[in-house]
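This report describes the fold and the side-chain interactions of one protein. Please consult the sequence and the structure shown here alongside the text.

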Amino acid sequence: MTEVRVGISVDGTTTGAGGHGTVTDTGLHDLRRRLATEPELRGRIRLDGSAPLPPGAMGFPGEALLALLEPGGVVTTFAAGLVAWLAARRTECTVTVTRPDGTQITVTSTRVRNLTAQERAEFIREITAALDESAPEPE
């Protein structure tokens with residue numbers, strides 16, 4: 001099983017010390033609800049209140065989502081749900097997914113909003129390959 005931590009920052013909302021955007025509860029809970037609509041992801045996505053603060057920020061640790069994903073279809077379902085959620089956002093959103101080895105994948109709503117269906121499918125394959133070491137590399 002691969003553990004994936006998902007942190008969300010929403011640009012243009014609250015800005016913490018050092019100019020870093022903070023995680024908004026609304027976006028975080030909205031993404032959690034969206035991912036939970038997928039039968040393959042039910043019970044695999046939970047809130048994690050121990051997310052680290054951005055450098056220079058003061059206060060308590062933030063919240064993030066913790067996703068427990070298995071190689072293969074579950075990772076693809078996660079990537080597709082993430083891309084669909086970002087494409088539907090009206091505000092600028094950035095989602096950073098961190099694998100257990102520290103590898104980070106960052107996706108923005110503006111990156112996915114105007115993709116064609118074919119481009120979106122290819123982008124989902126790229127995210128899946130980046131998250132799932134057992135997946136074939138995109139060509």
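## Overall fold

The model is predicted. The protein contains four helices and five strands, arranged along the sequence in the pattern β-α-β-β-α-β-β-α-α. Of its 139 residues, 35% are buried.

Among contacts with a separation of 6 or more, 56% join residues 24 or more positions apart. The accessible surface is about 7600 Å², and carbon and sulfur atoms contribute 52% of that area.

## Helix H2

Helix H2 covers residues 73-88 and has 16 residues. From first C-alpha to last, H2 reaches 23 Å, close to the expected 22 Å. Its buried residues include Val 74, Phe 78, Leu 82, Trp 85 and Leu 86.

## Salt bridges

The whole structure holds five salt bridges. In helix H1 (residues 25-36), Arg 33 and Asp 30 lie three residues apart, about one turn of the helix; their side chains meet at 3.9 Å, N to O. Glu 38 and Arg 34 form another salt bridge, at 2.9 Å. Asp 30 counts as partly exposed because its relative accessibility is 24%.

In helix H4 (residues 117-131), Arg 125 and Glu 122 are likewise three residues apart, with a salt bridge of 3.0 Å, N to O. Arg 125 has a relative accessible area of 46% and is therefore partly exposed; Glu 122, at 24%, is also partly exposed. Salt bridges with shared partners join Asp 30, Arg 33 and Arg 89 into one network.

## Aromatic rings

The charged end of Arg 111, however, sits over the ring of Phe 123, 4.2 Å from the ring centre.

Note on methods: Residues are numbered from 1 along each chain as its sequence is written. This is a predicted model: local features need pLDDT of at least 70, side-chain atom pairs count only at pLDDT 80 or more; totals for chains, interfaces and linings use all residues. Side-chain values use heavy atoms; hydrogens and water are left out. Helices (H or I, at least four residues) and strands (E, at least two) are DSSP runs, numbered from the N terminus. Buried means under 20% relative accessible area, exposed over 50%, partly exposed in between (1.4 Å probe, protein chains only). Contact means heavy atoms within 4.5 Å. Accessible areas come from the Shrake-Rupley method with a 1.4 Å probe; for residues, only the protein chains shown count as cover. The expected span of a helix is 1.5 Å times one less than its number of residues. A charge sits over a ring if NZ of Lys or CZ of Arg is within 6 Å of the ring centre and within 35 degrees of the ring normal. A salt bridge is a side-chain nitrogen of Lys or Arg within 4 Å of a carboxyl oxygen of Asp or Glu.
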